[in-house]
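Dear colleague,

I am passing on the structure below, together with some notes on its nonpolar cores and its aromatic contacts. Please read the notes with the structure open beside them.

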Amino acid sequence: MAYDRVRDAIAEELFGSEHAGRPVYALADRSALERIAKSARLEAHDPLEGIAQLVHASIGLEEPGAVPFSAHAAAARRQKSEPLDTPLALPLLVVLSVAAEQMHAEGGVAAHNYYARLHRLLGTSADQHKRVQSYYRRHAADLWDSLNAWLEAWEGERGIPTAYTVGGHEYIGLPLSQAVVRQHDRDGLHELFTLEGFTPGVRLSPADMSIGMEPYALATPSPLSAHLRALWRTAASRERIVDAACLELEAWSGAGSLEVTAQRAAASTRLLAFLRTFPRKSVAFGLMLPYRSDGPDIIRFTLEEEEVIVPTSVGPGGSTRLSGAEGVSAVSLLGEELAGELGDDSARPFARLPKRVAPLRWDDLQGAFVEVERLSLGEDSVVIAKADARGRVEAHLSAHARPGWKELSDLAGLPEGWLLYEHVQVVSGPSERPHFDLLPLIPRARTSLTLRGGFVLPGLLRKWSSLDPPEIVALASGAVSVTVRVYRGTRLDPGAVVLEVIAEDELNVVSLVDRSLADGEYLVTMMIDAATRPSSTALLRLRSAATPQFSVQEVDIRLVYSPDGEATWPLSAGAATWLRYVNGARVSGEIEIGSHHPESMPDYEPRVRSTATAPPGPLRVGVKVAQGSCHVTGMHRFMLPRVMPGQPSTRTVEGECSTCGLVRRFAGTPWAARRRDLNTSRPLRALTLPPVIESDEPDFQVAFDALNHVGHGSFATFERIAAQVEGSGLFADAFLRRQEVAGHIDVSRSEWFEVTEWAVNSATLVPIAENRWVLIGSRSRVLIERIRELLSDRSQLVQSVDAELARVEVVGDLPSREALFEAGVSVVGRSSALTIASALPPLSSIVAGLKAITVPSYRSAELWNTASASWQPTSSLVSPGAYRLKDFRSVYVVRSDDDIEAGLVRVGNAQLVKHVASLWVNDPLIGYHARTGSVVVPLGADLPALYGRALSLCSGRAPRELVETRLLQYPAVPRDVADVVFTRLTQ
């Protein structure tokens, strides 16, 4: 029918896949309405009029005894069981939003003005007006909730929901939330957020947002559209604009900011910091440029008399990063003037001036701390400062930051003369004018509601793990009391309050750990003093493996290792299109079994490690600052814009330091100066500050639950999860290989051995001993409890963390396979490890399938010494063996005699090439440790992919790192499995 065609056309036009990850609205402009009408084959002279007529007919006004909107409301309630289905009410919501937009355009934000336009659109008669208004109010929540629930169920693939009402106008506030800003208005808001340095995803109070927007609303030119600047003149419209801007900022991911900052790249090139604990506490610095790259590129740094070229990689969110920043001098990145161009395009210049004090906020998308101009209230940050600024920085943090911040002393990677403070949350500002060095540490806002910490889940929606939720930080400068209230759902429903905490102070910090909040949506509100209306709200989404983005069973098997694939099939999984494959711990189809007479694995022989050589020094990429620079002296020179005769005054003007780029706002009018003096003269009331508490122990259970929630994805998605355990690419790679070798995930790799995709395997119980099974693959709290319920009194379920893997073991009698299958768990036999080992091809056939390339450029090279199991520097690549070629990252290759003659190398990874080199000299790295019944290899020589999985499935454990002896141990491996794997590695 025509209504359904229009509904589907609206879904594709306003909520299509091109809007993924972006805020979406139910407002259609004239051109969108025309495209909707054309797609729906709607024959009407005016598309809006034709859609409105269909809506009029659908709400039941003309049917005797029918209750208006009841059909749409009933469909909305039914949709809760099938949330992916397109809401029936979409055309109605579009008409409701257009009525709100017309009201804004014609002036007068009031309920009677809104309904007058709605009646005009729907063509309702005068005697129907009261019924329409009454029944719309009754069903408004259900109608708009169906839109939000639909977008939530699609996990942001169709856009981020925005239909939430804040403050007054409970019923018309919902369509108003869709209509107050148009698409080009939103682009202007994003530009304003970028210029103001607002943090994506932060919920500002309307009062603070109004202060931030006012200079732009009254200025010309302005990033705000003429439409918004015109509405700003009306108090009621201004309130809606501010509310919409607050929602837009909360839903904003930072998209569009790079396009804005690319126009002012000198102020927008950001320092990155990666704090690491693996293998020791250290920090690494990088650089993020505000340009989008389609692939690897180069940066040309301009020095005094030369040009230095550094490769780049594509960063998250359309940014560009240094590739292999470890090879770049941290002294240059922190303390020297950086300038140059990205690629060969002179239209992409960049620059960064050094700062004496630089705050960096944690960015979930970047998986790193990113430099910001100024901190936001209550935000988790690190602060980097010159050593001679220690006194004033620490005095400022002691007075205005939550306790728990600390200096990281003796931090590897931090240059001499610099300090780094972590766990910095600034919650107030000084009453007197601060030293210029401290300006980046003083938030602009006076009130804030922040959701900080917790385990952030990757995806298009902003969400946290319910196993590790964030804490709520509510701050209102000068308040007598601050109340935090949490509602189940997205509305201010008094019956849905699940938590209320009142603090007789300016600051209220509420931990959500141990609050037993289930997966779902929650509305967090902050009330100041005796106010009945929230001053700020924030949307909290909690998810876990119990509410996955997709079901393993529904998608079936996503990735498998199949001998029908490439020659390197045991090292890289592919799409499940083959009949013969290995998936997790399961073997399907008739896989050819290799030699039935394996060679016995010899006892492990310890190797004498040779003395390590120092790597080449880091590359300097900047220009040293002059001795008279403010970076050295601390004295800034602010340049203020010229004021031309007749130019209207503004409340504030910005000045930028000519030597370091520090930006400070100055009063632009006598009134603003007096107001500033009044604000700074207010005595600061002492705050009772709860400390920042961070666990030094990473929670691998939460990380694995996050993997199960996401289910599958790219390596970038995996890195976002791993970065919250340990912020380094080295750890992310090791963590992924542990998950793969244990059978929890299957991994697809390119011919360059770069991870292209990973996927969690189906839940499988693997026997590891008599009456002992370990759970491999997907799991959730719901699944674990279901298994526990199926166990008899003679059995128990044990959860632990072993070798950084979340482990679930069943001890005792196992329930019937039928009962387990109904619960979503399969069971394999004890022979699965031996079956996988026997199906593995000889290592020599793997080598033949490696990608052959000409020798790439490199700055230094190392040859693998099999006798000492260590890398040794070499000046050439003339001998057969394994090589590590270093430029700004390491490339691992092997060369045979034939490769040398052809001028080629074959690409592998760090683990594979070591075993290939050992194969060629008949000196296998692998050995058996009879006393413990385990297989041992040198640390860093893990058995790749399925070769290692065959060993790990014997115990259900990942290999253990024995750091003192520099060994890697695969525990509890039977002789028959060990011998087969040894034979495959030596053939």
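In this predicted model, V935 touches M601, I926, G927, Y928, L951, L968, Q969, Y970, V973 and A978, leaving aside residues up to four places away in sequence. V935 is also, with F718, I926, L943 and V981, among the residues that have the most contacts inside the largest nonpolar core, which has 84 residues. Helix α20 (residues 700-710) supplies the largest share of this core, namely 7 residues.

As for the rings, the structure holds 13 aromatic pairs. In one of them, F700 and F735 have ring centres 6.0 Å apart and planes at 45°, an angle that lies between the limits of 30 and 60 degrees, so the pair is tilted. Because F700 lies in helix α20 and F735 in helix α22 (residues 729-742), this pair ties together parts that are 35 residues apart in sequence; both residues are buried. The rings of F715 and F718, by contrast, have centres 6.3 Å apart and planes at 10°, so that pair is stacked. F715 and F718 both belong to helix α21 (residues 715-722), where they are 3 residues apart, about one turn of the helix, and both are buried.

With best regards

Notes
Residues numbered from 1 in each chain as written. Predicted model: local features only at pLDDT ≥ 70, side-chain atom pairs only at ≥ 80, totals over all residues. Heavy atoms only, no water. Core = buried A, V, L, I, M, F, W, Y, C linked by side-chain atoms within 4.5 Å. Buried < 20%, exposed > 50% of the residue type's maximum accessible area, 1.4 Å probe, protein only. Helix = DSSP H or I, 4+ residues; strand = E, 2+ residues; numbered from the N terminus. Contact = heavy atoms within 4.5 Å. Phe/Tyr/Trp six-rings, centres within 6.5 Å; stacked < 30°, edge-to-face > 60°.
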